[in-house]
Amino acid sequence: MQVDDDDPLSVVVNLFDVAMVFAVSLMVAMVMHMNMSEIFGKEDFTIVKNPGQDNMEIIQKKGREIETYKASGETTDGMGQKGKRLGTAYQLENGQIIYVPE
């Protein structure tokens, strides 16, 4: 039985394998660099990016599901009615709440 080493597609298969190893190692390096290794853990978590700004984003992990919510400037209440943010409320140590309009 003779083995043909002249197959031009054998090089493509090897390049694909090398590209897959490189892609996986790059993803692992990015996760380690960004300190996001908790995504692969079993614990649930919530991350708030850019809190209080127009481009705020909330990332929640519950079990195996990851959900993202992006701020659109409008909010909805429990009945689906829309509104917009008018200001910020702060609660002081003595329990007093102060409203600061924007």
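The model is predicted: local features need pLDDT of at least 70, side-chain atom pairs count only at pLDDT 80 or more, and totals for chains, interfaces and linings use all residues. Residues are numbered from 1 along each chain as its sequence is written, and side-chain values use heavy atoms, without hydrogens and water.

**Helix H1**
- H1 covers residues 9-33, 25 residues in total; helices (H or I, at least four residues) and strands (E, at least two) are DSSP runs, numbered from the N terminus.
- From first C-alpha to last, H1 reaches 36 Å, close to the 36 Å expected at 1.5 Å a residue (1.5 Å times one less than the number of residues).

**Met30**
- Met30 sits in H1.
- Met30 is partly exposed, at 45% relative accessible area; buried means under 20%, exposed over 50%, and partly exposed in between (1.4 Å probe, protein chains only).

**Strands S2 and S3**
- S2 (residues 57-62) contains Glu57.
- S2 pairs with S3 (residues 65-70) in the antiparallel sense over six bridges; pairing requires at least two DSSP bridges between two strands.
- Ile59 has Thr68 of S3 as its bridge partner.
- Two residues lie between the strands of this hairpin, where Gly63 takes a positive phi near 65°.

**Glu57**
- Glu57 is buried, with a relative accessible area of 16%.
- Leaving out residues up to four places away in sequence, Glu57 touches Ile47, Val48, Lys49, Thr68, Tyr69 and Lys70 (contact: heavy atoms within 4.5 Å).
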